[in-house]
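Here is a short report on one protein model.

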Amino acid sequence: MEQVESNKLRDSVSKEYEAKLHQQGGFCAHQFETEFGYGEEALQSLPSDAVDSSFGCANPLAMGALNPGDTVVDLGSGAGMDVILAARKVGMQGRVIGVDMTGAMIEKARRNIAEAGVDPIAEIRKGVIESLPVESSSVDWVISNCVVSLSPDKKQVFSEVFRVLKPGGKMLLSDLVVEPLPVWLRAVIALKSPASAKALDRERYLATVTASGLANVTLRSELVYDETMLHSLVMDELNIREGFWRAVLDLNGAQVLSHLLKPLVRPAVRYGANKISSIKVYAEKPL
Ligand SMILES: C[S@@+](CC[C@H](N)C(=O)[O-])C[C@H]1O[C@@H](n2cnc3c(N)ncnc32)[C@H](O)[C@@H]1O
């Protein structure tokens, strides 16, 4: 993809997530009581703002085995929820670096980290995950929650993961994958989220990880969104808070668009059901 086009796509993602900060409720991680969630205890222990501003699709640490003293990088750290949980696992001898490109998210994450009392262990660096502001071969774990699928250059992200990991270092991330969809449905998704419309299917995703040189690439688990789950996620994304005419009078473009898309939700969900999944992927950098 051309550099200009990549920058445009990243800008649209930044705007999308800045706008989400003004919405109530996160994306999907804690909606479904499955192993993909965080568990009530972990959620209760976090600053409420870190939970309310979380837009991940699963808990990447649920099956991880972070050890005290580990250095961890979180790709697309958002409001800092996973950074805080990771910092508690690695303790005072460890280090957690969140990387995000969206200014408002970074400010929020820094406040949440301080509130959670893990600021001596954790920091947020501004940057893009396609060019990580992290030293080569310095990291034990790379984690991420629902971010690589938004990148215009997923191949480059995984080569950066390879570069920053120490030999023997590990990656565990959760992300969204999408099986082939009709063109019209991709176009509808692109109206609301151009980056999400470019999500890979499962096989291409795993092949992209493998092509980076990472080894033991494993699909640890998969949560396929059925019609009911998908409907609830799509309605969350549309986030309709006011009537159509109110939105028009307020010149609220996002709300007007959500109203216009609403009649398409049922057919879109029927086509999309069982074709969109949250996956957990594990890989290692060879010794
Ligand atoms: C889906 S949210 C996930 C946030 C966080 N991981 C969580 O679970 O709440 C996406 C976050 O990734 C960031 N992001 C998306 N693409 C990025 C990129 N190419 N480089 C850096 N940050 C990115 C966005 O700014 C946003 O904060």
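Two residues are in contact if their C-beta atoms, placed from the backbone, lie within 7 Å. The model discussed here is predicted.

**A helix pair**

By that cut-off, E227, L230, H231, V234 and M235 in α9 meet V265, A268, V269, R270 and G272 in α12. These contact residues divide into six nonpolar, two polar and two charged.

Two packed helices are described by the angle between their axes and the distance between the axes. Here α9 and α12 pack at about 135 degrees, and their axes are 9 Å apart. That angle makes α9 oblique to α12. The crossing of α9 past α12 is right-handed.

| Helix | Residues | Contact residues |
|---|---|---|
| α9 | residues 227–238 | E227, L230, H231, V234, M235 |
| α12 | residues 265–272 | V265, A268, V269, R270, G272 |

**A loop residue**

Where does L200 lie? L200 sits in the loop between α7 (183–192) and α8 (202–211). Is L200 buried or partly exposed? L200 is partly exposed, because 17 other C-beta atoms lie within 10 Å, and a residue counts as buried at 20 or more.

Neighbours within four places in sequence aside, L200 is in contact with K154, V177, Y205 and T208. Take K154: it is 46 residues from L200 in sequence, yet the C-alpha to C-alpha distance is 9.2 Å.

**The whole chain**

The protein has 12 helices and seven strands. It has 287 residues, of which 43% count as buried. Among contacts between residues at least 6 apart in sequence, 78% join residues at least 24 apart.

Technical notes. Residues are numbered from 1 along each chain as its sequence is written. This is a predicted model: local features need pLDDT of at least 70, side-chain atom pairs count only at pLDDT 80 or more; totals for chains, interfaces and linings use all residues. Helices (H or I, at least four residues) and strands (E, at least two) are DSSP runs, numbered from the N terminus. A residue is buried if 20 or more other C-beta atoms lie within 10 Å of its own, exposed if 12 or fewer, and partly exposed in between; C-beta atoms are placed from the backbone. Axes are lines fitted to C-alpha atoms, for helices over the stretch in contact, and angles run from 0 to 180 degrees between N-to-C directions. Angles under 35 degrees count as roughly parallel, over 145 as roughly antiparallel, 65 to 115 as roughly perpendicular and the rest as oblique. A crossing is left-handed if the near helix is turned anticlockwise from the far one by less than a right angle, and right-handed if clockwise. Ala, Val, Leu, Ile, Met, Phe, Trp, Tyr, Cys and Pro count as nonpolar, Asp, Glu, Lys and Arg as charged, and the others, Gly among them, as polar.
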